[in-house]
There are 2 protein chains.
Amino acid sequence: MLTIGKLGAQAGVKVPTVRYYEQIGLLPKADRSAGNQRLYSRKALERLAFIRHARDLGFTLEAIRDLLSLSDRPDQSCAAADAIARAQLAEVESRLARLMALKAELERMVVQCAGGRIADCRVIEVLGDHSLCATDHRHPEGEHIA
Amino acid sequence: MLTIGKLGAQAGVKVPTVRYYEQIGLLPKADRSAGNQRLYSRKALERLAFIRHARDLGFTLEAIRDLLSLSDRPDQSCAAADAIARAQLAEVESRLARLMALKAELERMVVQCAGGRIADCRVIEVLGDHSLCATDHRHPEGEHIA
DNA sequence: CTTGAACCTATAGTTGCTAGAGACACTAGG
DNA sequence: CCTAGTGTCTCTAGCAACTATAGGTTCAAG
């Protein structure tokens, strides 16, 4: 049995975050010691590592909740898990495309700032004029960059 | 003079967001009509477009606050603006690198899910085992991961 | 003149944590 | 056995950057 500190260290998750995951029901309520301290099994560590890894991959806690509930019923088709991962992949690809465009624009901005005065600064100028922008900045559903 | 709705529409910013920007001091307090409704000049529209564009580029509101205060004093060196833009570029490049790694891993996950049962699902499996992960997940600041 | 859209304020909710206060529990050394 | 120093407990509040809701007012069109 692990205390919350060891658990967090082994999973790479901070202690308050573990308690937070319990609070929102992503982790089950932990068993307690005689002195009311949380105790975790190896299984709990695996579950937490799963969460940690999925977070690293950019899954939302909601998606992770779904994946966890799927993995709790291992006899069903994995189509649902696949769908979640595919959606996540699409998300990542779109973020990637946007970021590459942004990188190009930022590079243009930075290159053109040659130590002049602000009045001539491309950084300010480019930011002030959307029409100079090569990127497509339409936001179909009011969503922003993560 | 524009009402808040027209302003928002022209800048591509939602009305509550405009009010929020005023509240946190990113936009100056707007003039009001006889009936207490906000009225905006062309200049205010430009300022808002600047903010919108910078947000699209991933600048934080704090960075934007700095850029705006710079652009209010156009006689100074643009070194500061350049520094902000360069920091932003570095941010974007690092996010880009991470996202590309994530994309590779997600693709691996998705490809390997061939319509089997969850028990064999790579999506779940890969998420459960950090060691299968190609990505570098080290945490630079004194975090001990076993 | 009336309807309905757009506006107003104020407050609370969102996501995914993080930080603080003040109190209790456990462990190692003397 | 005592004490010091961690680690843990609960609870509350805060962060970014909005978004949503409630309940009211103003404005422009028909």
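Predicted model: local features only at pLDDT ≥ 70, side-chain atom pairs only at ≥ 80, totals over all residues.
**View 1**
Among the contacts in chain A with a separation of 6 or more, 50% are between residues 24 or more positions apart.

**View 2. The open sheet of chain A.**
Three strands of chain A make up an open sheet with the order β1-β3-β2, and their pairing is antiparallel. Because β1 (2-3) and β2 (31-32) of chain A stand at the edges and have a single partner strand each, one side of each is left without a neighbour in the sheet. In general, the strands of a sheet pair through backbone hydrogen bonds, and the pairing may be parallel or antiparallel.

**View 3. The protein surface near DNA strand C.**
DNA strand C is surrounded by 18 residues, of which the closest are A:Tyr21, A:Arg55, B:Gly5, B:Arg19 and B:Arg38. By class, this surface has four nonpolar, nine polar and five charged residues. Of the atoms of DNA strand C that lie within 4 Å of the protein, 90% belong to sugar or phosphate, while the rest belong to bases.

**View 4. Individual contacts with DNA strand C.**
For B:Arg38, it is a backbone N or O atom that lies 2.7 Å from a phosphate oxygen of DNA strand C. The elements that give two or more residues to the surface near DNA strand C are α2 (15-23) of chain A and α1 (4-11) of chain B, and α2(A) provides the largest share, with three residues.

**View 5. The protein surface near DNA strand D.**
There are 19 residues around DNA strand D, and those that come nearest are A:Gly5, A:Arg19, A:Arg38, B:Tyr21 and B:Arg55. Of the atoms of DNA strand D that come within 4 Å of the protein, 86% are accounted for by sugar and phosphate. Sorted by class, the surface near DNA strand D has four nonpolar, 10 polar and five charged residues. Here α1 (4-11) of chain A and α2 (15-23) of chain B each supply at least two residues, with α2(B) giving the most, namely three residues.

**View 6. Individual contacts with DNA strand D.**
A base is involved at A:Gln37, where a polar side-chain atom lies 3.3 Å from a base nitrogen of DNA strand D. At B:Thr17, a polar side-chain atom lies 3.3 Å from a phosphate oxygen of DNA strand D, whereas at B:Leu61 it is a backbone N or O atom that lies 3.3 Å from a phosphate oxygen of DNA strand D.

Notes:
Residues numbered from 1 in each chain as written. Chains lettered and ligands numbered in written order. Heavy atoms only, no water. Near = heavy atom within 4 Å. Polar contact = N/O pair within 3.5 Å; in protein donor to acceptor, adjacent residues only side chain to side chain. Helix = DSSP H or I, 4+ residues; strand = E, 2+ residues; numbered from the N terminus. Nonpolar A, V, L, I, M, F, W, Y, C, P; charged D, E, K, R; others polar. Pairing = 2+ DSSP bridges. Contact = heavy atoms within 4.5 Å.
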